[in-house]
Amino acid sequence: MPASAANRGREMLMAERSGAGTVRELDRVIADLRALSEDIASCAVLSEDGDLISSSHGPGADRERVGAILAALVNLAERVARESGKGHISQLRIDTGAGHLLLVRLDGGGALVATTGPEARVGLVLYDMRNSRGEVEKALAEGSDQ
Amino acid sequence: MKKLLRGLFLLGAIAGAVYAVRGYLQGRSPGTENVQIVFEDGSVRSMASNSTEGQEFTDIARKLVEAGL
């Protein structure tokens with residue numbers, strides 16, 4: 001199956017699972033966050049099941065692959081938390097040299113994730129992400145109520 | 001001479017303050033740690049990229065930073 005067709009199928013599946021209104025609301029929250037925090041290069045919301053619900057990716061990007069890699073990262077972080085006897089992670093920051101990956105855990109187990117360039121003001125981006133977390137959680141909660 | 005020393009001291013202080021503020025805004029911690037995990041209880045764990053766990057995190061993050069989300 002071509003990647004674009006697979007992506008469309010994935011988006012439809014996500015819309016069915018989470019509600020089209022929820023996906024639209026999450027897309028709006030992500031767009032607002034990116035407008036507020038100009039250092040963010042890309043941004044996504046991962047559900048507690050490890051599904052990529054919303055992403056700033058343009059059409060043609062392999063959302064399924066990105067979702068799988070993100071889920072692997074969240075699992076790794078949660079494993080470290082368990083092994084450290086800390087329950088759950090709250091925030092994760094990784095400097096790759098080529099840029100930063102930032103993750104803020106949502107209530108219930110999902111995650112708000114963003115990437116930035118190497119010169120980004122990471123502290124400010126994380127602050128904006130933490131401020132947007134409530135809106136993301138609200139959108140997800142409304143979706144699960146439907 | 002005294003004036004010159006005072007000027008140099010001021011210049012050094014300003015340069016240090018700029019470096020510290022820049023580091024704070026970029027969220028960098030001192031040292032070579034490039035992975036930082038904050039847990040629910042507020043405790044923090046940092047890992048260096050040359051540690052096994054740190055390398056695992058960095059490898060996955062690199063793919064995501066390159067591909068975008």
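**Entry 1: Val113(A).** I began at Val113(A), which sits in strand β5 (residues 111-116) of chain A; strands here are DSSP runs of E of at least two residues, helices are runs of H or I of at least four, and both are numbered from the N terminus. The model is a predicted one, in which local features need pLDDT of at least 70, side-chain atom pairs count only at pLDDT 80 or more, and totals for chains, interfaces and linings use all residues. Residues are numbered from 1 along each chain as its sequence is written, and chains are lettered from A and ligands numbered from 1 in the order in which they are written.

Is Val113(A) buried or exposed? I found 26 other C-beta atoms within 10 Å, so Val113(A) is buried (20 or more is buried, 12 or fewer exposed, in between partly exposed, with C-beta atoms placed from the backbone). I then looked up its contacts, meaning C-beta atoms, placed from the backbone, within 7 Å. Beyond four places in sequence, Val113(A) touches Ala44(A), Leu46(A), Leu70(A), Leu102(A), Leu103(A) and, from chain B, Leu69(B). Its C-alpha atom is 5.6 Å from that of Cys43(A), 70 residues away along the chain.

**Entry 2: α3(A) against α2(B).** I took helix α3 (residues 63-83) of chain A with helix α2 (residues 52-67) of chain B: the angle is about 155° and the axes are 10 Å apart. Axes are lines fitted to C-alpha atoms, for helices over the stretch in contact, and angles run from 0 to 180 degrees between N-to-C directions. The angle makes α3(A) roughly antiparallel to α2(B), the term for angles over 145 degrees. Residues making this contact include Leu70(A), Leu73(A) and Leu76(A) of α3(A), and Phe57(B), Ile60(B) and Leu64(B) of α2(B). By class I noted 12 nonpolar, no polar and 3 charged residues; Ala, Val, Leu, Ile, Met, Phe, Trp, Tyr, Cys and Pro count as nonpolar, Asp, Glu, Lys and Arg as charged, and the others, Gly among them, as polar.

**Entry 3: the interface.** I noted 28 residues of chain B in contact with 39 residues of chain A. On the chain B side, α2(B) gives the largest share, 12 residues. That side has 13 nonpolar, 7 polar and 8 charged residues.

**Entry 4: confidence.** I checked pLDDT, the predictor's confidence in each residue, from 0 to 100. Chain A has a mean of 84, with 82% of its residues at 70 or more. Within chain A, the lowest mean is 49, in helix α1 (residues 3-18), and the highest is 97, in strand β4 (residues 100-105). Over residues 1-13 of chain A pLDDT stays under 50. Where pLDDT is low, the predicted coordinates should not be read in detail.

Terms used. Angles under 35 degrees count as roughly parallel, over 145 as roughly antiparallel, 65 to 115 as roughly perpendicular and the rest as oblique. Two residues are in contact if their C-beta atoms, placed from the backbone, lie within 7 Å.
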